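Happy to walk through this one with you. Have a look at the sequence and model first.

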Amino acid sequence: MDSTSVWTEHKAPDDRIYYYNTATKKSQWKKPDELKTRAELLLDSCPWKEHAADNGKTYYHNIATKESTWTIPKELEDIKSMLTGDENSKTQVQTTMPESGESATSTHIQGQSNTTSQVMEATEKVHYSNKDEAKQAFIGLLKEKQIPSHYTWDAVMKVIITDPRYAALPKMNERKLAFNEYKTKKSKEEKEEQRVKVRLARERLTDAMYNHPKMGSYVRWRQVCELFEKEQFWQDLPERDKRDIYDDIIVQLSKKEKKEEEEKRDKDRNKILGLLRTINEIVYSTTWTKVQEILDDNDVFKIDCKDIDKLDTLFAFQDHIRELEKQEEENRLDERNNRKRQERKNRENFLNLLDEFHANGKLDANSTWKALFSDIRNDTRLAAILGQRGSSPLDLFKFYVDDLKNRYHDEKKIIKEILKDKFEVETTTKLEEFFEIISSDPRSQTLDKGNVTTAYHSLLEKAEAREKDRLKAEEKKMRRLEGAFKAMLKSYTPSIPANGKWEEYREIFTTNPAFEVITIEAERVRLFEEFINEIDAVKGDPLMKSSHHKSKKSKKHRNKRSRSRSPSYSDDEDSNKKSRRKSKKHKRSLSRSKSRSPASDSDHDSRRRKHKKKSKKRRHRSRSSDSSRSVESHRNLKSPSKSPGVPKDPTEDTGHSTSESELETRRRELLKKLKETD
């Protein structure tokens, strides 16, 4: 097989030429040596290659040494001159041949040699003002000859070489660049024309398939080919596009047929549904069997609906039943909403009733349901809310009172602002006076009476606490003054005897500050007598001096207990508490003993014995402490009797409360006098 017959030339989709080897089944972009001419082989053997710069100027590059030059190398020049000589010899040989129409190639070579002089003459005759004009003239030549985009340069030269415009561009590389530019534009135009042509053909074929009376979703591809094979739009489309259009049309026709069928079924169902709506015997609970019996006896159904499918009739019945059920549900929902609305109105009316009572002062934050019920028991608004679901009247009352109580802190701030710089609650302030002062301010219109009462009691408690603190401070100050006075008496030397008289020593202490602070003479006498009694008591019982502070504390403690309850009552209560504790402990021990296993009984007995020993020790300690306390109290009682000249303390005879009241009055008078002197 000839090697040249193995290679075939083909064009890619982007109009590039590639070559295919039928023996090896391989393709390549480069032209094989078997298809190259002698001139191409000689040029390939030379390392110098010809290239065109961006400005159109030709330069030469050596692929071996990587050198570039603007002048043609001698090696490449010799090859070109040799090729030019071969072409001239071939032209002379072909002119001597008797047969001129033997082949297109020989004619072309002969014409090329003859037209060389013509091209030179055309170049001499036609002159262009600039390079762009010459380029446009050359491209106009290509357009005029209608050169297609798939033509090669050799094929184009055969067509345009005889035209004078061929020589508009003097250099070969400039002509090739202009041709490539024209080729790119022409390729885009051809593709656009082909795309428009295919689009129109697709539209015509799609419309023909969709509207053809013999077309349907059941038609096969073979039948479609027989229907449209003679049409031009069928022939203009490739096989793949025709097959795609067929598949799309089959899907569309299937949807169309399905839609028409659904429309017919909907029409039949609507007809049955309209008939069912006219029959009043059918309700939401009617069964399909009962409806069938009703329709069999209906004359309209027998005449107009005899051709309707029974399944469509069943679907229409289901739709009608759903409508009836929905209507029934809406009626129930409306009834429930109306009931809820009425119940809400009843609650609102009852709350309005509570608002009326609150406005009239019969309801406040401290009111009770028992007190309010007697006033509202005969009201229709209470009777309307009784028995309904949701919050009861008692719940609404509690919520209302809680809301009033929640307003207490905000209303208390308003009350304080009203009383600010105007009035201060004292221990002697009455509730009526407090109400009168608050009600005189316009801001009190929104205040709750119960919250005002609560605020009054709160402010009254604070006033009492302030008064109590004030009295304590005064008492503390008085005790300090009394201590200073007694210290003055004690520091006097020689010491004052037990039978000393105040009149004898008064003039001695007149200049002392402790004497001047106490302005009441009776107080000075009382403090002097107390000082003498203390001296006498210390002389009568030497133990009194060491146990003086302890006896004071125990006395205060006894006085507090004697005020709260009697000794017999306290003993009984202590015994009751002890008995309760014992019973609780006994119950715990029983419950623990039940839960324990028999193996742990011995441990439990030992623990109980230890607990008994500890309790006996505690009882012994408490008895000894009680006995010591009784002895100490007995000594304290005996100590005044040993000194017959010392008068008894008034608190022992008349009670602690009377002596405190007398002292308090005396101290107040003393403090007033001190303030006046200041």
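This is a predicted model: local features need pLDDT of at least 70, side-chain atom pairs count only at pLDDT 80 or more; totals for chains, interfaces and linings use all residues.

Residues are numbered from 1 along each chain as its sequence is written, and side-chain values use heavy atoms, with hydrogens and water left out.

User: How are α16 and α17 oriented to each other?

Analyst: Glad you asked! Helices here are DSSP runs (H or I, at least four residues), numbered from the N terminus. Helix α16 (residues 408–419) packs against helix α17 (residues 431–439) at about 85 degrees, with the axes 10 Å apart; axes are lines fitted to C-alpha atoms over the stretch in contact, and angles run from 0 to 180 degrees between N-to-C directions. Angles of 65 to 115 degrees count as such, so α16 and α17 are roughly perpendicular.

User: Which exposed residues does α5 carry on the face turned away from its buried side?

Analyst: Buried means under 20% relative accessible area and exposed over 50% (1.4 Å probe, protein chains only). In α5 (residues 153–160), Trp 153, Val 156, Met 157 and Ile 160 are buried. They span an arc of only 105 degrees around the axis, by the directions from the axis to the C-beta atoms, so they lie on the same side of α5. The face turned away carries Asp 154 and Lys 158.

User: How many disulfides are there?

Analyst: A disulfide is a pair of cysteine sulfur atoms within 2.5 Å. By this rule, the count is zero.

Terms used. Helices (H or I, at least four residues) and strands (E, at least two) are DSSP runs, numbered from the N terminus. Angles under 35 degrees count as roughly parallel, over 145 as roughly antiparallel, 65 to 115 as roughly perpendicular and the rest as oblique.
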